[in-house]
Amino acid sequence: MAEALPKIWYSRILSNSVEISVELDFKLEDHGIQQAADYANDYRRWEPDARRNSPKYLHFDKGRGKIKASAADAMLIAGGMLVISQKFRDVLVPFDLGATRLIEVPIYKADGKTLSDYPPHYLVQISETKPTLVPEESKNIRLPIPPGKTEPLPAAMWGETYEPDELAVRASSAAGADLWADPKLGSRLFFTDRLKRAIKAEKIKSRGLDFVAAKVLPWGVARARILFH
């Protein structure tokens, strides 16, 4: 009898800017416009440790001071980075996060000096990656082609189109860490079934934390499709 395939889930939370964006900026140890831009760029490419320069704290934009209810436990801040509540952090900690770190960040008012009424939150520094995506079996994803070019750049990452993506993944990627990203796919987080069930059980509040069931392919099938497509 063939072994049952694992369930693997993915979330589009890092693309859900309308529902869960909060007007919070971040302060780095070595902070400047270029340093902040470099950090956010590394974050989107799953390389947040590349510059060894993690955020010290968050602060509201001028005239802002509230976290919307739809983002109570998970929000996107400046740079499109994921910040979670203590409650969400407590769900994640018992699981295998691999190289990903949860960095405690206090939240200040817009002056950057006065603590807000919100407790410290946690920046999810996503560093754990696994080869997961099978592009040939996925739908509604693309490699972006820069203006004036006819081919994607060598380092291009797969991304979404205007239609909801339907991702096909390798069954082997369920082994190891419970939360991860694919190094060649942007804006998608993957979850083992056990972690997804724990998040649901604790009723984590975030409109952006959708869970989509991936199409799971046996390792040998996925490899054959890639080699002979």
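Asp90 is partly exposed, with a relative accessible area of 40%; here buried means under 20% relative accessible area, exposed over 50%, and partly exposed in between (1.4 Å probe, protein chains only). Its salt-bridge partner is Arg89, with the closest N and O atoms 3.2 Å apart, and Arg89 is partly exposed too, at 27%. A salt bridge is a side-chain nitrogen of Lys or Arg within 4 Å of a carboxyl oxygen of Asp or Glu.

The model is predicted, so local features need pLDDT of at least 70 and side-chain atom pairs pLDDT 80 or more, while totals for chains, interfaces and linings use all residues. Residues are numbered from 1 along each chain as its sequence is written, and side-chain values use heavy atoms, without hydrogens and water.

The structure holds 9 salt bridges. In one of them, Asp165 meets Arg188 at 2.6 Å, N to O. This pair links distant parts of the chain, 23 residues apart. Asp165 is buried at 2% relative accessibility, and Arg188 is buried, also with 2%. Through shared partners, salt bridges join Arg12, Glu160, Asp165, Arg188 and Asp210 into one network. Within this group, Arg12 and Asp210 meet at 3.6 Å, N to O.

Attention now turns to helix H4. Helices (H or I, at least four residues) and strands (E, at least two) are DSSP runs, numbered from the N terminus. In H4, residues 193-201, the buried residues are Asp193, Leu195, Lys196, Ala198 and Ile199. They pack against strands S1, S12 and S13 and helix H3, where contact means heavy atoms within 4.5 Å. Just after H4, Lys203 takes a positive phi of about 55°.
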